[in-house]
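I opened my notebook to look through a new structure today. Here is what I looked up, entry by entry.

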Amino acid sequence: MDITVKNAVLKISKAEAVRKETELLMKPYANWEEYLMPGPLSIAILGELVFISSNTDFSINKNPPKSGFKYIKYPDSFRASLMQVSNSGWIAFNEAHKNMDQIRLHSNNVPSYMKMTVKTLLQDNIQIVQALLPGQLENIRTIADECTRLAESTEKKFTDVILLIQEMLEACLNSKQCYEEDVKEVQLKLEEAKLKKESAEKAKAMAEKNFGKMDKQLDEVHKQFTEAMESMPSGWEMIGMNFVEGLSNSVNTLVSGAVGIVTAPIQAVSALVNHKKDKESNPYPANNIYSKSGQLLKLAEQIHSFVNKDKIKWSEVYDQKTSSAKSSWLKKQLQNIESSLKSEENCQAKEKSVVVCKDAMSICDLLTEFAPKNNCKPEQEKDLITKIQNLKAQTEQLDSESKAFTNSSSFSATPPQMAQNTQSGGKKSAAQMATDNARFRIEQSRAQLEKVQEMYQKSMENLEKNNKELSDILVTMRSCEIKEIDFNTTVKMLVKGLDAMGRVKEQWEKMVRFFQMISNLINTCLNTSLKRFISTADNIQGIQGYSSNAFIKDMIYTQAFNASNIANLVYMISGTYTEVSSKYLMDRVSSLGKLMALDPKNPTFEGERAKLANDCDSAQNEIYKLVMKRKEEFERDSKKRVDMIDQELLAVLPPASDEEIKKIKDNVQTGMKEITAAEEDQFG
């Protein structure tokens, strides 16, 4: 049974399946169709600004800043300044299209390099691995660095437009030509833009600081493995492999969580925007802490395997050959985790995880005390079993909370060396542990995909609301004759233009972070794991058939897989952007260029303006249809993934009691709800 379940788990956690699930889990955050919907509206607004600029001209240079204007080139002409905004917007959209197409082509090369990396890692000859791997990893890093440059270049172009609009709005306020209520609106918008800029800079600094720690975090994982294997008596292969699986989960969760934070900067930094200076405002310490949940769950499952109904299997707790209690070794691993947790900043996740660690160590102490002499009284044994069951529930809840926070898949890709070593120990407890874990993962995956669907639905509702706001201002503008368009209406339009450009720029910030993460993951492979692999003279053989070199190979695979996973996400996003941009944006951008080149007195000017307006409206409708189509695909793919897990895994599991299933569901829902409630409290 144990091997059958493990094979079924391997089948549903193939690299390609996990990549697809990552796409689903990240969809509410990495949804470029949604952020491109303001694209045609932004272009339409730029077109209307060209139209407005043909009206009577005046100066906005009445109260200039002491150091002069940084971005406005023609402060004596409001008309020329509006044309400057339109021109900057045209340049930004052109640059975005060109660069995103290059990013799409580059990111499409990563899977082939990843396949070569896997082939190399499966080689038994260390010299071949040492010779080939650095070059293969370097190829991925080169792609990441080039794509970072392209994304940063585009982000800068949108930033230029935003800064120009902000300076124009400030100049309009200073020129004292606004109505009083409009002054308040503009001031609020400028304050909001300033806060967004500050929070984006803080988010960027936090991300870079966290990426810089990746080497240290991986070093810690290697150290944990080495110490655990050196202190583990021979014959404890099953416990050893469970521990290694927990370490691998830890690395996967750590990276997935960082990707989640990067793809949802609004969540990550809204605490700063809203002036919330509480301990939750930096999400990275919580992410580092939640990454340990998989290890804690594996250790709790191991402790739980010592229980058979209402009895503890003392013969399995105490190894007569080595005269040592397995619970004593498990406690040492828990102490290492606790030490790592305590080094992180204080937050709610830390408090919970430390409590779980302490409870688990207390149980290990009792098991170690009673095991050698088997002198545990019935009431003590009953109490101890209750504590063990509670610990399992605690760790299942914490791991579900972790999955919700980090958006990491319940079924992570199994590294090749680990997949080849299916230790079962041939014991009933091993089969039971694999079965229990599989049941828990099925429920967790189902709950996760349901949660993501809810979030996707909310993001769609926000999209429609934001879109309506932008459309309303355009309707007002277009209903006006040129003579009716006053200065205040123009200012309102600039405010909306600032909003739309800000949303597009936000996505390019994400792109930059994506590629920095890929680059950092590969750097860590080259600078930490690979060097360790080359310099490991003493190849520790703590587990039969799974040496320290095999572990390092698996860690390199895990990091490279996560890098390719992010690249796959980028390929999906860049493909969407290029498709939308080609079909619905670039023709409108060209029309905008044509309109800017025309003399307003030219008879064709009004016709071009009307054509651009109509084209932008139809583009917006087409993008909306595409968004709805992708939403249907997302719902279909989510259902397909749940069905696949049910068919592959439920089919090989023995039937479970209703009470057992309810307990698992309750633990998963409790963990997931904790995060949802925390998000609503903090980010709502």
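**Entry 1: salt bridges**

I found Glu396 and Lys392 joined by a salt bridge, with their closest N and O atoms 3.2 Å apart. I used the rule that a salt bridge is a side-chain nitrogen of Lys or Arg within 4 Å of a carboxyl oxygen of Asp or Glu. The model is predicted, so I noted that local features need pLDDT of at least 70 and side-chain atom pairs count only at pLDDT 80 or more, while totals for chains, interfaces and linings use all residues. Residues are numbered from 1 along each chain as its sequence is written, and side-chain values use heavy atoms, with hydrogens and water left out.

Why are Glu396 and Lys392 separated by about one helical turn? Because they are 4 residues apart in helix α17 (residues 378-406). Helices here are DSSP runs (H or I, at least four residues), numbered from the N terminus. Both Glu396 and Lys392 are buried, where buried means under 20% relative accessible area, exposed over 50%, and partly exposed in between (1.4 Å probe, protein chains only).

Next I looked up Lys11 and Glu648, whose side chains meet in a salt bridge at 3.5 Å, N to O. Lys11 lies in helix α1 and Glu648 in helix α22 (residues 604-649), so this pair ties together parts that are 637 residues apart in sequence. Lys11 is partly exposed at 42% relative accessibility, and Glu648 is partly exposed at 24%. My count by this rule came to 32 salt bridges.

**Entry 2: helix α21**

I saw a kink of about 50 degrees in helix α21 (residues 548-597), centred on Ser582. The bend at a residue is the angle between axes fitted to the seven residues ending there and the seven starting there. In α21, 40 of the 50 residues are buried, so the helix is largely enclosed by the rest of the structure.

I also found Glu608 in a salt bridge with Lys594, their closest N and O atoms 3.3 Å apart. Glu608 lies in α22 and Lys594 in α21, so the pair ties together parts 14 residues apart in sequence. Glu608 is buried, with a relative accessible area of 13%.

**Entry 3: cysteines**

How many disulfides does the structure hold? I found 0, taking a disulfide as a pair of cysteine sulfur atoms within 2.5 Å.

Note on methods:
Helix = DSSP H or I, 4+ residues; strand = E, 2+ residues; numbered from the N terminus.
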